[in-house]
Amino acid sequence: MQDQATKRSSRNPSSGGMRSVAISTPYIFHQLDVMDPASVASLLDFIKKQFGNLDILVNNAGVIGAIIVQETRENLKLGIDEVVGSKTKMLKEILKEVYEQSEACLGTNYYGVKHAKKALLPLLQKSNSARLVNVSSLMSHERAKEELGDVNGLTEEKVDEVVKGFLKDVKECLPESKGWPTNFSAYMVSKAALNAYTRILANTYPNIAINAVCPGFVKTDINYNCGIATVEESAKDPVILALMPDGGTSDIFYSCMEVSTF
Ligand SMILES: NC(=O)c1ccc[n+]([C@@H]2O[C@H](COP(=O)([O-])OP(=O)(O)OC[C@H]3O[C@@H](n4cnc5c(N)ncnc54)[C@H](OP(=O)(O)O)[C@@H]3O)[C@@H](O)[C@H]2O)c1
């Protein structure tokens with residue numbers, strides 16, 4: 001399970017300062033597929049029965065929405081130059097992005113967060129100091145920023161509209177001619193949509209501290225282990241936001257714990 005419903009220490013139910021984590025409390029896991037409504041419902045039922053409420057929701061599940069063929073993975077580099085810079089075309093030649101993958105990418109990285117939030121919100125609202133952290137990415141794109149950058153005019157309908165428009169363009173094989181990113185287009189759109197959605201949520205639910213965070217460029221499966229930071233190093237920032245003291249920030253996108261734009 002990647003989206004972890006983390007139970008706050010029962011010894012410290014509503015303290016104001018940094019929370020203590022009860023190390024001796026055994027971890028309990030429950031499987032979750034954020035794309036499967038039955039799986040989300042099952043997690044909800046499990047948390048309700050086990051704990052009654054929910055203090056922290058970290059939406060971490062993510063897929064890249066593209067495949068790099070096996071033979072070209074050796075010595076692969078996925079830096080800025082390859083993804084959006086001078087070597088964009090070279091990467092494009094070995095990157096396969098088909099509609100089904102794009103749909104699954106938006107389904108997981110954006111709609112998955114929406115499903116989880118919709119189901120779990122009532123339990124978060126029962127908490128005295130709820131935290132919601134969306135693990136996002138700095139990998140965004142000009143067109144997505146243009147369409148979703150007007151913070152004051154953002155609505156959930158607007159974000160859905162942009163996502164649907166992107167998927168329509170992918171289905172019609174038009175993403176590049178319509179100005180969408182060349183490489184990892186679905187991933188970039190999904191994370192831009194997630195950042196926008198985070199802002200909307202933060203404005204809608206002021207009683208919950210809601211933020212998005214980019215963990216950095218981390219060596220994991222999602223980038224074929226091309227990243228730089230270790231999982232341990234990069235897990236720190238989402239954890240800081242999840243354990244933030246009461247009265248902390250909301251509606252902010254962090255990159256390496258610095259406030260970032262989109
Ligand atoms: N690595 C980076 O450089 C980087 C940079 C910026 C942002 N991020 C974000 O960090 C998050 C974690 O990614 P990662 O780097 O740790 O990659 P990862 O090792 O590939 O982990 C992704 C995780 O998401 C889970 N997942 C995928 N689809 C799911 C679904 N439908 N329901 C529930 N879980 C699902 C996977 O579970 P299974 O193993 O069971 O498939 C996997 O454990 C992602 O949101 C990613 O976009 C990563």
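## H1 against H4

Val-40, Leu-43, Leu-44, Ile-47 and Lys-48 in H1 touch His-115, Ala-116, Ala-119, Leu-120 and Leu-123 in H4, where contact means heavy atoms within 4.5 Å. Helices here are DSSP runs (H or I, at least four residues) numbered from the N terminus. Sorted by class, this contact has eight nonpolar, one polar and one charged residues. Ala, Val, Leu, Ile, Met, Phe, Trp, Tyr, Cys and Pro count as nonpolar, Asp, Glu, Lys and Arg as charged, and the others, Gly among them, as polar.

This is a predicted model, so local features need pLDDT of at least 70 and side-chain atom pairs count only at pLDDT 80 or more, while totals for chains, interfaces and linings use all residues. Residues are numbered from 1 along each chain as its sequence is written, and side-chain values use heavy atoms, with hydrogens and water left out.

As for geometry, the axes of H1 (residues 37-50) and H4 come within 10 Å and cross at roughly 20°. Axes are lines fitted to C-alpha atoms, for helices over the stretch in contact, with angles from 0 to 180 degrees between N-to-C directions.

## H4 against H7

H4 (residues 99-125) also pairs up with H7 (residues 185-204): their axes come within 8 Å and cross at roughly 15°. So H4 and H7 are roughly parallel to each other too. In this contact you'll find 11 nonpolar, three polar and three charged residues. On the H4 side, the residues include Cys-105, Leu-106, Tyr-110 and Lys-114, and on the H7 side they include Tyr-187, Lys-191, Leu-194 and Leu-201.

## H6 against H7

H7 has H6 (residues 156-171) as another partner, with axes that come within 10 Å and cross at roughly 175°. That makes H6 roughly antiparallel to H7. Glu-156, Val-159, Val-163 and Phe-166 are the H6 residues here, and they meet H7 residues including Ala-186, Val-189, Ala-193 and Tyr-197. The class count is nine nonpolar, one polar and one charged residues.

## The second largest pocket

Leu-76, Lys-77, Glu-82, Lys-87, Met-90, Leu-91 and Ile-94 line the second largest pocket. A pocket is an open set of points on a 1 Å grid over the protein atoms alone, where a 1.4 Å probe fits, with protein on both sides within 12 Å along at least five of seven lines; lining residues have an atom within 4 Å of a point. H3 (residues 88-94) gives the largest share of that lining, three residues. By class, the lining has four nonpolar, no polar and three charged residues.

Key:
Helix = DSSP H or I, 4+ residues; strand = E, 2+ residues; numbered from the N terminus. Parallel < 35°, antiparallel > 145°, perpendicular 65-115°, else oblique.
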